[in-house]
Amino acid sequence: MIGVATASMLMAAGAMAADIKPALLYDLGGKFDKSFNEAAHTGAEQFKTDSGIEYRDFEIQNDSQREQALRNFAKRGMSPIVAIGFSQANAVEKVAKEFPDLQFAIVDMVVDLPNVRSIVFKEHEGSYIVGMLAAMASETGKVGFVGGMDIPLIRKFACGYKQGAMAANGSAEVFENMTGTTGAAWNDPVKGGELAKSQFDRGADVVYHAAGGTGIGVLQAAADAGKLGIGVDSNQNGLHPGSVLTSMLKRVDVAVYQAFEDAKNDNWSAGFSVLGLAEGGVDWALDDNNAKLISDEMKAAVETAKADIVSGKVVVHDYMSNESCPF
């Protein structure tokens, strides 16, 4: 009887697993970029561990593969299909219309269709917090920012960071550089290192990156120069322990996990969701790798700031609201 019961349970589990065929499409830079894409991969892996359900994924090598990869997933009946990155929007819109019975999600862009979940983040809020930490850790009063592709989304990171730095030190000077204007800007660690070094040469002693794989070069340059870097998206504190002040966590892992989990539980919803500090969508990383760099005063300041942002007492300017930064 035990054998029969066990077999029945396995059959039931198999049937449940067959009901959902999750898929994940990474943006340029690949799933092991230590940043944005890797956060998505982490969420998918956690879902697989918790549920026992396998997923398919694909790493595009160029822009032309976006639509092809999504359509290949859809033709195989994969659902939900989660696309990572704003650049997937046109492909998601086209393929989702062709397969209205399948579930799609996109991170960092809005696609207004009845079978698409659009997930965006309040990156400016998390960037404000790490901007405060940067200014409080700086000995020169000069801090830097290196972005990846020069787009409004990355300007949003930069503006929030600048506002936070100036909240902590009204006379702070913030240097800002973007890596490029094409998708290649996400995967150029050599250029990232060069831009960070140029900011260190101008007097910056803390540099924050929002540049995907390019940011690996920023953090390396900080470690080489005996300065401080700030990671992004995933917790990058461990890449250079003692040289990474903190990381601005953008919980893409949570967004991916939740999309898969909701589909599994027949609780899927399309529409638009925004994840900020209040929702646990962004935060800053504190662990053994950076604990010695963060004073009690710094901790207290950012925890107060987080509470004030969540309550609405402090409003962090969203660059994308008017494509300008007043700071």
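1. The model is a predicted one, and local features are described here only where pLDDT is at least 70.

2. The structure holds 1 cavity of 30 Å³ or more, and the volume of the largest cavity is about 210 Å³. Its lining is made up of 20 residues, of which Phe36, Ile154, Trp186, Gly212 and Asp233 are the closest to the centre. Two or more lining residues come from each of α2 (36–51), α6 (152–168) and β9 (228–233), and the largest share, 3 residues, is that of α6.

3. What is the make-up of the lining of the largest cavity by class? The lining has 10 nonpolar residues, together with 5 polar and 5 charged ones.

4. Turning to the aromatic side chains, the count comes to 6 aromatic pairs. Phe145 belongs to strand β6 (residues 142–149) and Tyr161 to helix α6, so that the pair links distant parts of the chain, 16 residues apart. Both Phe145 and Tyr161 are buried.

5. Phe145 also pairs with Tyr208, and here the ring centres are 5.5 Å apart with the planes at 65°, so the pair is edge-to-face. Because Phe145 lies in strand β6 and Tyr208 in strand β8 (residues 206–210), this pair ties together parts that are 63 residues apart in sequence. Tyr208 is buried, as is Phe145.

6. Which residues form one aromatic cluster? The cluster consists of Phe47, Tyr55, Tyr257 and Phe260.

7. Arg117 lies over the face of Trp268, at 4.5 Å from the ring centre, and Arg202 lies over the face of Phe175, at 3.9 Å from the ring centre.

8. In helix α4 (residues 89–98) the buried residues are Ala89, Ala91, Val92, Val95 and Ala96. When α4 is viewed down its axis, these buried residues fall within an arc of 155°, and they therefore line one face of the helix. The face turned away from the buried side of α4 carries the exposed residues Asn90 and Lys97. As background, an α-helix has 3.6 residues a turn, so residues three or four places apart point the same way.

9. Ala89 is part of helix α4, and its relative accessible area of 12% places it among buried residues, because the cut-off for buried is under 20%. Ala89 and Leu293 are 204 residues apart in sequence, and their C-alpha atoms are 39 Å apart in space.

10. The C-alpha atoms of Arg56 and Ile119, which are 63 residues apart along the chain, are separated by 20 Å.

Methods. Residues numbered from 1 in each chain as written. Predicted model: local features only at pLDDT ≥ 70, side-chain atom pairs only at ≥ 80, totals over all residues. Heavy atoms only, no water. 1 Å grid on protein atoms, 1.4 Å probe; cavity = no way out; pocket = protein on both sides within 12 Å on 5 of 7 lines; lining within 4 Å. Points joined across faces, edges and corners; volume = space filled by probe spheres on them. Helix = DSSP H or I, 4+ residues; strand = E, 2+ residues; numbered from the N terminus. Nonpolar A, V, L, I, M, F, W, Y, C, P; charged D, E, K, R; others polar. Phe/Tyr/Trp six-rings, centres within 6.5 Å; stacked < 30°, edge-to-face > 60°. Buried < 20%, exposed > 50% of the residue type's maximum accessible area, 1.4 Å probe, protein only. Lys NZ or Arg CZ within 6 Å of the ring centre and 35° of its normal. Arc of directions from axis to C-beta.
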